[in-house]
Amino acid sequence: LPTVGSKVGIFNAQTTRLNLRPSGLKSMTMTASAPQVGRPAPVVNGSPRPQLYIYDHCPFCVRARMIFGLKNVKHDLRWMSNDDVETPTKLIGKKVAPILEIPYLNEVMNESLDIVKRIDEDPAFGPLPMIRPASGRSDIKAWQKKHQEIFRKLQRPRYVANGLLPEFAFESAREMFIKNHQMPGYEKADWKDDAKYDQNFRKAEYAKAMAESVSLVPQANAAMMELEPLICAPEHCTEGGLSYDDIDLFARLRSITIIRGVVLPPKVRAYMDYFSAACDIPLYDNMAL
């Protein structure tokens, strides 16, 4: 993982400072221990084994990680720095994640769902296929669209708050993320235009969003209560069993656990804990801000 000699607080936009733990927010409700989940026997295939190039916070990268965990396919995770353009460009021709490299087959590919399909449908990587097609759940899609701005405003500042996520270990990587990911209410092209907004302005907007946590977290909690009846069971959100609905939903929900004070209602909590264990992908509960 990348290391740095010192960690510089990136939210200091001139005199703007941010309290990373706003008063009035309680810690997220956590389960006492991870659920006991039966997992397939390990699948070891090829040498060197498959390499998955990712960013930890990225939901598309989580999608790709899920199939490796669900089928217990042994692989290596390669966390790329957010400002590393050279590595993905050498692999696939552009800055993108996730990227799957299968060295012994001389195969490289991107697109998260293509990676899931590639691993799920190849008998070399275990019994196939284990994931049912997407059901087209319009209710879950509507829930995501309704609340995406609240969660972007809560999540984005937290990703880059302290350099603990490996892709943001370097200050330059955090700076790039802030420049490339606008706060809700701004158009992406305008946000990235230095003639309209300089980096101090962008960082101040991130700090402002963090400072609004006390008012935003209750809205996030209300959103989680709306999601609760949409979850069918801990092992699958849709009737009929594990499907691409789960590949998408868990991947998007995982980052919510980085928000201190968000309370997951029982069915959502059980769903998150199950997939965290089944996919071997930790949640952010213990580092929530």
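Select helix 9 first: its buried residues are Y244, D245, D246, I247, D248, L249, F250, A251 and L253. Here buried means under 20% relative accessible area, exposed over 50% and partly exposed in between, computed with a 1.4 Å probe on protein chains only. The helix spans residues 244-253 and is mostly covered, with 9 of its 10 residues buried. Helices are DSSP runs of H or I with at least four residues, and strands are runs of E with at least two, numbered from the N terminus.

The model on screen is predicted: local features need pLDDT of at least 70, side-chain atom pairs count only at pLDDT 80 or more, and totals for chains, interfaces and linings use all residues. Residues are numbered from 1 along each chain as its sequence is written, and side-chain values use heavy atoms, with hydrogens and water left out.

Contact means heavy atoms within 4.5 Å.

Next, show R254 and Y284. R254 lies over the face of Y284, at 4.3 Å from the ring centre. The criterion is NZ of Lys or CZ of Arg within 6 Å of the ring centre and within 35 degrees of the ring normal.

Now turn to the aromatic rings. A search of the whole structure finds 11 aromatic pairs. Rings of Phe, Tyr and Trp (its six-membered ring) pair if their centres lie within 6.5 Å; planes under 30 degrees apart count as stacked, over 60 as edge-to-face and the rest as tilted.

Select Y186 and F201: this pair is edge-to-face, at 5.9 Å centre to centre with 80 degrees between the planes. Y186 lies in the loop between helix 5 (171-180) and helix 6 (188-192) and F201 in helix 7 (residues 199-211), so the pair ties together parts that are 15 residues apart in sequence. Y186 is partly exposed at 22% relative accessible area, and F201 is partly exposed at 27% relative accessibility.

Then select Y274 and F275, another edge-to-face pair, at 5.1 Å centre to centre and 90 degrees between the planes. F275 is buried, at 0% relative accessibility.

Last stop: display helix 4 and helix 7. They pack at an angle of about 120 degrees, with their axes 9 Å apart. The contact is made by K153, R156, P157 and R158 of helix 4 and Y206, A209 and M210 of helix 7. Axes are lines fitted to C-alpha atoms, for helices over the stretch in contact, and angles run from 0 to 180 degrees between N-to-C directions.
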